[in-house]
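Please follow this account with the structure at hand.

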Amino acid sequence: METSSGHFVPRWVTSSLRQESAHLPRASSQGLLRVRFTSFPSQDVPGCTHVHPRTSWAQTAQKTDVGGESTGTSINHSQTLLQRLQELLRQGNASDVVLRVQAAGTDEVRVFHAHRLLLGLHSELFRELLSNQSEVVLQEPRDGAAVFDKFIRYLYCGELIVLLAQAIPLHRLATKYGVSSLQRGVADYMRAHLAGGAGPAVGWYHYAVSTGDEALRQSCLQFLAWNLSAVAGSAEWGAVSPELLAQLLPRSDLVLQDELELFHALEAWLGRARPPPAVAERALRSIRYPMIPPAQLFQLQARSAALARHGPAVADLLLQAYQFHAASPLHYAKFFDVNGSSFLPRNYLAPAWGAPWVINNPARDDRSTSFQTQLGPSGHDSGRRVTWNVLFSPRWLPVSLRPVYADAAGTALPLARPEDGRPRLVVTPASSGGDAAGVSFQKTVLVGTRQHGRLLVRHAYSFHQSSEEAGDFLAHADLQRRNSEYLVENALHLHLIVKPVYHPLIRTPK
């Protein structure tokens with residue numbers, strides 16, 4: 001039998017479909033097969049994800065009037081159909097095309113007996129390749145050839161198991177052959193594993209750049225910024241490209257111990273990558289030297305191999321840092337501009353800028369704590385501290401959801417349920433005085449997750465400088481659930497950071 005599009009359908013297939021359709025109720029014009037692709041964690045293979053279709057079959061019998069019945073009965077044979085398609089691929093029955101997949105640079109060839117109709121349903125490229133030939137040779141990279149059986153199985157069954165190392169080759173195959181559902185499914189898998197800290201962020205970033213996947217590129221970039229300390233100490237750091245480094249260094253949301261750690265990480269990268277002098281000097285000028293104490297700056301100038309080679313390129317920045325530490329910020333601002341990024345701390349984990357806070361059983365009740373931070377990054381303020389009070393409430397109710405009295409007798413409306421509330425975190429200074437004149441404070445809360453024995457940043461919430469809380473703090477977190485992705489061993493791991501920001505009204509006089 002030949003379809004209207006010119007594809008040959010084996011006679012046994014049409015016969016089987018007729019037999020199946022004889023047992024199904026007649027479909028209305030709206031009763032179509034609807035397939036939506038999704039992904040979920042595999043229960044069989046740790047660290048894997050199934051990408052499969054969820055099928056709504058047999059809406060055909062709903063809202064029909066047969067024998068006086070107001071509603072029909074749904075008959076679902078989708079699982080049987082999937083099993084038969086798997087057998088069709090495995091046994092190669094009635095196959096009409098042969099795919100010979102050769103791994104690039106090798107003599108290895110994998111042979112797949114397939115069906116022109118099924119391949120063409122998913123891929124316009126396959127439809128064109130197989131329109132006038134029954135055997136094709138496909139050249140694929142080695143990693144792509146290794147997972148081509150999974151790729152073909154997805155075209156038949158809409159399901160496959162993804163491993164971390166297979167994400168890029170599967171995404172590349174889906175992109176090449178135009179299988180958009182698989183392309184989206186693998187990209188979602190990669191972004192989800194980045195959020196959990198399991199994905200190779202550097203490698204996936206470079207792949208996203210090469211394919212133009214902006215959403216994946218931004219996800220990788222955000223993960224690297226929030227977990228730079230962990231990445232800089234891993235083997236991935238050596239694979240960072242100059243382009244990626246240039247994207248990371250100017251960011252103020254980098255999470256690391258202090259600016260000195262970033263300098264040492266950059267110096268190690270320069271030693272391995274050996275970039276051109278212009279690239280090295282541009283990277284060294286991205287370091288915020290005023291955030292490094294004077295004693296450590298002296299040591300860098302005396303011992304750093306990078307500064308020994310490129311010292312003249314940053315001499316003006318080092319002088320600026322020494323001047324900044326020698327005077328009070330208000331006095332320094334009379335002569336120099338202090339509103340640039342060089343004078344803004346990043347998200348430093350050092351005790352001078354914040355404190356960790358582990359909240360066990362966070363859904364139970366309200367908690368509070370306090371901590372101290374340095375008034376400002378200047379050496380003039382190194383001995384001055386600001387005390388902060390923190391309140392955490394797991395089920396705070398907005399005013400709109402609080403009970404109100406409906407009549408003079410004092411009868412209240414039904415109380416809102418505890419689950420109607422949302423987590424709330426409030427950070428306030430213990431006292432307000434003149435010590436912080438000319439300075440405002442930006443608060444950031446990091447939420448950690450544990451992956452492979454290490455604590456990584458899953459999310460960061462920043463407060464507006466004039467606010468005492470983040471309006472979207474854990475807005476979508478279910479702290480009642482013990483296996484919540486925001487909890488580690490039923491505890492909420494936070495790190496509170498306070499960054500002094502010099503007031504924008506301070507300007508260099510003309």
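In this predicted model, helix 15 passes helix 16 in a left-handed crossing. Two packed helices are described by the angle between their axes and the distance between the axes. Here the axes of helix 15, which spans residues 294–303, and helix 16 come within 9 Å and cross at roughly 160°. Because angles over 145 degrees count as roughly antiparallel, helix 15 is roughly antiparallel to helix 16. On the side of helix 15, the contact is made by Pro 294, Leu 297, Phe 298, Leu 300, Gln 301 and Arg 303. Helix 16 contributes Ala 305, Leu 307, Leu 318, Ala 321, Tyr 322 and His 325 to this contact.

A pair of aromatic rings is described by the distance of the centres and the angle of the planes. The count for the model comes to 14 aromatic pairs. One of these joins Phe 324 and Tyr 332, with 5.7 Å from centre to centre and 85° between the planes, an edge-to-face arrangement. Both Phe 324 and Tyr 332 are buried.

How are the rings of Phe 324 and Phe 343 arranged? Their centres are 5.0 Å apart and their planes stand at 55°, so the pair is tilted. This pair links distant parts of the chain, as its two residues are 19 residues apart. Phe 324 belongs to helix 16 (residues 305–326), whereas Phe 343 lies in the loop between helix 17 (329–332) and strand 8 (347–348).

Phe 112, Phe 126, Phe 148, Phe 151 and Tyr 177 form one aromatic cluster. Of these, Phe 148 and Phe 151 are buried residues of helix 6. Helix 6, covering residues 148–157, is mostly covered, with seven of its 10 residues buried. Just after helix 6, Gly 158 adopts a positive phi of about 65°.

Definitions and conventions:
Residues are numbered from 1 along each chain as its sequence is written. This is a predicted model: local features need pLDDT of at least 70, side-chain atom pairs count only at pLDDT 80 or more; totals for chains, interfaces and linings use all residues. Side-chain values use heavy atoms; hydrogens and water are left out. Rings of Phe, Tyr and Trp (its six-membered ring) pair if their centres lie within 6.5 Å; planes under 30 degrees apart count as stacked, over 60 as edge-to-face and the rest as tilted. Buried means under 20% relative accessible area, exposed over 50%, partly exposed in between (1.4 Å probe, protein chains only). Helices (H or I, at least four residues) and strands (E, at least two) are DSSP runs, numbered from the N terminus. Axes are lines fitted to C-alpha atoms, for helices over the stretch in contact, and angles run from 0 to 180 degrees between N-to-C directions. Angles under 35 degrees count as roughly parallel, over 145 as roughly antiparallel, 65 to 115 as roughly perpendicular and the rest as oblique. A crossing is left-handed if the near helix is turned anticlockwise from the far one by less than a right angle, and right-handed if clockwise. Contact means heavy atoms within 4.5 Å.
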